[in-house]
Amino acid sequence: MSSWADFAAAEPLLATAIRTLVCQYGPGLGYLATVRPDGGPRIHPVSPVVTDDGLFCFVLASPKRHDLDRDGRYSLHSFPATDSDDEAYLSGCATAVTDPAVIGPLARQMRAAPGVDWKLYELTVDVAMVVRHDTPTTSTRTVWKDRPGHVPRARQNGPCATAVDSVQ
């Protein structure tokens with residue numbers, strides 16, 4: 001799995017498109033899916049932090065945080081846009097950040113209250129995707145996978161009712 005910085009260096013246009021969609025309202029907004037103990041998905045709104053150095057998320061004490069500590073797999077979907085149906089998706093692994101030199105500046109930047117029980121996670125990137133809805137019934141999705149030799153490709157889908165595609 002790649003760090004956000006490695007992904008952005010490898011695919012700057014796709015990384016910019018994802019960052020734009022995640023941060024379209026100013027601070028990052030999205031839905032974080034984690035894996036419950038029974039293997040099912042758990043989804044919560046979050047405010048991811050996208051910097052040139054990484055993709056991060058502050059998580060309060062919660063079932064979501066227990067999920068990440070137990071099984072770091074995640075998926076992140078951008079918050080819906082008001083002017084289009086375009087969307088961004090990332091998946092990978094979340095790892096707790098313990099380095100004060102990383103935590104301190106991000107906590108100050110995001111005004112993370114020092115007395116609150118939060119933990120900072122860095123999110124690596126295994127799959128990245130942007131979907132652009134070209135018309136009400138067609139879309140173009142560009143998918144990048146952290147695989148040796150994988151070349152991102154754009155695929156145009158026909159009418160949404162009959163489009164079948166998988167990022168996995």
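This is a predicted model: local features need pLDDT of at least 70, side-chain atom pairs count only at pLDDT 80 or more; totals for chains, interfaces and linings use all residues.
I take buried to mean under 20% relative accessible area, exposed over 50%, and partly exposed in between, with a 1.4 Å probe and protein chains only. Residues are numbered from 1 along each chain as its sequence is written, and side-chain values use heavy atoms, with hydrogens and water left out.

Entry on helix 3. I looked up residues 63-70 and found Lys64, Arg65, Asp67 and Leu68 buried. They line one face of the helix, because seen down its axis they fall within an arc of 155°. That arc is taken from the directions from the helix axis to the C-beta atoms. Among the elements covering them are strand 1 (30-35), strand 2 (41-46) and strand 4 (55-60). Helices (H or I, at least four residues) and strands (E, at least two) are DSSP runs, numbered from the N terminus.

Entry on helix 2. In residues 12-22 I list Leu14, Ala15, Ala17, Ile18, Leu21 and Val22 as buried. These sit on the same side of helix 2, because they cover an arc of only 160° around the axis. Their cover includes helix 1 (4-10), strand 8 (127-135) and strand 9 (138-145).

Entry on Met110. I place Met110 in the loop between helix 4 (100-109) and strand 7 (118-123). Met110 is partly exposed, at 31% relative accessible area. Leaving aside neighbours within four places in sequence, Met110 is in contact (heavy atoms within 4.5 Å) with Val49 and Phe58. Met110 and Pro27 are 83 residues apart in sequence, and C-alpha to C-alpha they are 8.8 Å apart.
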